[in-house]
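Here are my notes on the model you sent. They are set out as numbered points, to be read with the structure open.

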Amino acid sequence: MDAKIGSFFESIGNFFSGGEQIPWCDRDVIAGCEREVAEASNGDSEERKNESIMRLSWALVHSRKKEDVQRGIAMLETSLGNDKSPLHQREKIYLLAVGYYRSNDYGRSRELVGQCLEIAPDWRQAQSLNKIVEDRIAKDGVIGIGITATGVALIVGGIAAALARKN
């Protein structure tokens, strides 16, 4: 019985906290990736430079800072057309979906993760992100409905109280 109660409260906590499983990235990791990109720009191969930019993009869209996430999105959108590899394209689209999710643009994130799943329907990371995005959209809808219902109830209650005072 205690396990069921604990599970119930955990599910409620996950509902309100988001319960997401997308990793976060620390500022130290981002700084290391920025150093790696700078070093790779000093004469390294184009492949090494592109790999270090991808790592930096990953770190930026997984950051807790909105500015970093926006920078990561900009980097990924700029580089999206430059890569002919379908695997790299898929990864960049996925990271863009993560970035838009972290920017609270759930519609754009859903659209991009849908593109990932069209390319690779069995890709577990994309499936997981899709579920997280859909859950967030549903949660926001439920919260929006609750706020609207509360507002309507307050208005109706106010009208009823005013009418009761009149009589």
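Is the crossing of α2 and α3 left-handed or right-handed? The crossing is left-handed. The points below start with the overall make-up and then return to this pair.

1. **Overall make-up.** This is a predicted model. The protein has seven helices and zero strands. Along the sequence the pattern reads α-α-α-α-α-α-α. The protein has 167 residues, of which 29% count as buried. Take the contacts with a separation of 6 or more: 54% of them are between residues 24 or more positions apart.

2. **α2 against α3.** Helix α2 covers residues 27-40 and helix α3 covers residues 46-61. Their axes come within 9 Å and cross at roughly 160 degrees. An angle over 145 degrees counts as roughly antiparallel, and α2 and α3 are therefore roughly antiparallel to each other. From α2, the residues in contact are V29, I30, C33, E34, E36, V37, E39 and A40. They meet R48, K49, S52, I53, R55, L56, A59 and L60 of α3. By class, this contact has nine nonpolar, one polar and six charged residues.

3. **α3 against α4.** The next pair packs at about 145 degrees, with the axes of α3 and α4 7 Å apart. Again the crossing is left-handed. On the α3 side the contact uses I53, M54, L56, S57, L60 and V61. On the α4 side it uses D68, V69, R71, G72, I73, M75 and L76. Nine of these residues are nonpolar, two are polar and two are charged.

4. S57 sits in helix α3. Is S57 buried or exposed? Its relative accessibility is 1%, so S57 counts as buried. Leaving out residues up to four places away in sequence, S57 touches M75 and L76. S57 and L76 are 19 residues apart in sequence, yet their C-alpha atoms are 6.6 Å apart.

5. **α4 against α5.** Here the angle is about 150 degrees and the axes are 9 Å apart. α4 and α5 are therefore roughly antiparallel to each other. Their crossing is left-handed. K66, V69, I73, L76, E77, S79 and L80 come from α4. Their partners in α5 are Q89, K92, I93, L95, L96, G99, Y100 and R102. The residues of this contact divide into eight nonpolar, three polar and four charged.

6. **Q70 on α4.** Q70 is also in helix α4. At 42% relative accessibility, Q70 counts as partly exposed. Q70 and S103 lie 33 residues apart in sequence, with a C-alpha to C-alpha distance of 7.7 Å.

7. **The largest nonpolar core.** This core holds 25 residues. Which of them touch the most other members? They are Y94, A126 and L129. The elements giving two or more residues to this core are α3, α4 (66-80), α5 (86-102), α6 (106-119) and α7 (124-166). α5 gives the most, with eight residues.

8. **Y94 and its contacts.** Set aside the neighbours of Y94 within four places in sequence. What remains in contact with Y94 is C116, W123, Q125, A126 and L129.

9. **Another core.** Apart from the largest one lies another nonpolar core, of seven residues. Its members include I30, C33, V37 and A59.

10. **A backbone point at N104.** Most residues other than glycine have a negative phi. N104 is not a glycine, yet N104 has a positive phi of about 65 degrees. Where is N104 found? N104 is in the loop between α5 and α6. Its relative accessibility is 47%, so N104 counts as partly exposed.

Technical notes. Residues are numbered from 1 along each chain as its sequence is written. This is a predicted model: local features need pLDDT of at least 70, side-chain atom pairs count only at pLDDT 80 or more; totals for chains, interfaces and linings use all residues. Side-chain values use heavy atoms; hydrogens and water are left out. Axes are lines fitted to C-alpha atoms, for helices over the stretch in contact, and angles run from 0 to 180 degrees between N-to-C directions. Helices (H or I, at least four residues) and strands (E, at least two) are DSSP runs, numbered from the N terminus. Angles under 35 degrees count as roughly parallel, over 145 as roughly antiparallel, 65 to 115 as roughly perpendicular and the rest as oblique. A crossing is left-handed if the near helix is turned anticlockwise from the far one by less than a right angle, and right-handed if clockwise. Contact means heavy atoms within 4.5 Å. Ala, Val, Leu, Ile, Met, Phe, Trp, Tyr, Cys and Pro count as nonpolar, Asp, Glu, Lys and Arg as charged, and the others, Gly among them, as polar. A nonpolar core is a set of buried Ala, Val, Leu, Ile, Met, Phe, Trp, Tyr and Cys residues joined through side-chain atoms within 4.5 Å. Buried means under 20% relative accessible area, exposed over 50%, partly exposed in between (1.4 Å probe, protein chains only).
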